[in-house]
Amino acid sequence: MEACIIKSPLGFIKIVGDAEGISSVIILNSEEKTTDIIPAELEDCVFQLNEYFEGSRKQFDLKLNPEGTNFQKIVWKHLEQISYGKTISYLDLSKQLGDVNAIRAVANANGKNPLWIIVPCHRVIGSDGSLTGYAGGLHRKQWLLEHESPYKQQSLF
């Protein structure tokens with residue numbers, strides 16, 4: 001497995017993967033030294049993440065290879081279908097998966113998503129519109145949703 005660390009507007013991101021695909025993209029909660037030479041297997045991921053943060057990429061096109069249970073992988077595949085700038089509730093996601101009673105399992109799988117931003121778990125919110133749970137921190141979830149919003153906050157001054 002190859003790894004690199006890049007800086008983003010939300011902090012440092014660690015990317016791990018190999019020829020089989022990207023296995024994790026996680027936000028770090030500390031300052032780290034960025035990688036000087038990006039491994040070839042990770043270059044496209046770094047490029048696409050930079051485009052996303054610049055606002056020119058709305059969908060990722062990467063070979064993914066996350067580790068997880070079959071159920072988690074099914075949930076993560078559904079997360080990939082949530083369009084840029086849109087949100088869905090945990091309840092609605094559970095309904096899409098065919099079991100409204102699986103809401104806790106769905107939320108748990110969402111929280112274990114190892115592909116931060118690329119598999120957009122930040123687009124899943126509470127049924128009341130609240131920003132519930134996010135492994136990267138609610139302030140980052142809010143930033144990501146605002147970054148993707150077609151309605152940008154205007155300055156009053």
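The largest pocket has a volume of about 270 Å³. This is a predicted model: local features need pLDDT of at least 70, side-chain atom pairs count only at pLDDT 80 or more, and totals for chains, interfaces and linings use all residues. Residues are numbered from 1 along each chain as its sequence is written, and side-chain values use heavy atoms, with hydrogens and water left out.

**Stop 1: the pocket.** Select Lys58, Gln59, Phe60, Glu80 and Ile118. Of the 15 lining residues, these are the closest to the pocket centre. By class, the lining has eight nonpolar, three polar and four charged residues. Here Ala, Val, Leu, Ile, Met, Phe, Trp, Tyr, Cys and Pro count as nonpolar, Asp, Glu, Lys and Arg as charged, and the others, Gly among them, as polar. A pocket is an open set of points on a 1 Å grid over the protein atoms alone, where a 1.4 Å probe fits, with protein on both sides within 12 Å along at least five of seven lines; lining residues have an atom within 4 Å of a point. The volume is the space filled by probe spheres set on the points, which are joined across faces, edges and corners.

**Stop 2: helix H2.** Select residues 70-79. Helices (H or I, at least four residues) and strands (E, at least two) are DSSP runs, numbered from the N terminus. Gln72, Val75, Trp76 and Leu79 are buried, that is, under 20% relative accessible area (1.4 Å probe, protein chains only); exposed is over 50%. They cover an arc of only 100° around the axis, which puts them on the same side of H2. The arc is that of the directions from the helix axis to the C-beta atoms. Turn to the opposite face for the exposed Asn70 and Lys77. The buried residues of H2 pack against helix H3 (90-96), H4 and E5.

**Stop 3: helix H4.** Select 103-111. Its buried residues are Val106, Ala109 and Asn110. They fall within an arc of 105° seen down the axis, so they line one face of H4. Their packing partners are H2, H3 and E5.

**Stop 4: the loop from H4 to E5.** Pick Ile117, which sits in this loop. Its phi is near 70°, a positive value in a residue other than glycine. Ile117 counts as buried, at 1% relative accessibility.

**Stop 5: Cys121.** Is Cys121 buried or exposed? Buried, at 7% relative accessibility. Now show its contacts (heavy atoms within 4.5 Å). Leaving aside neighbours within four places in sequence, Cys121 touches Leu79, Asn110, Asn113 and Tyr134.
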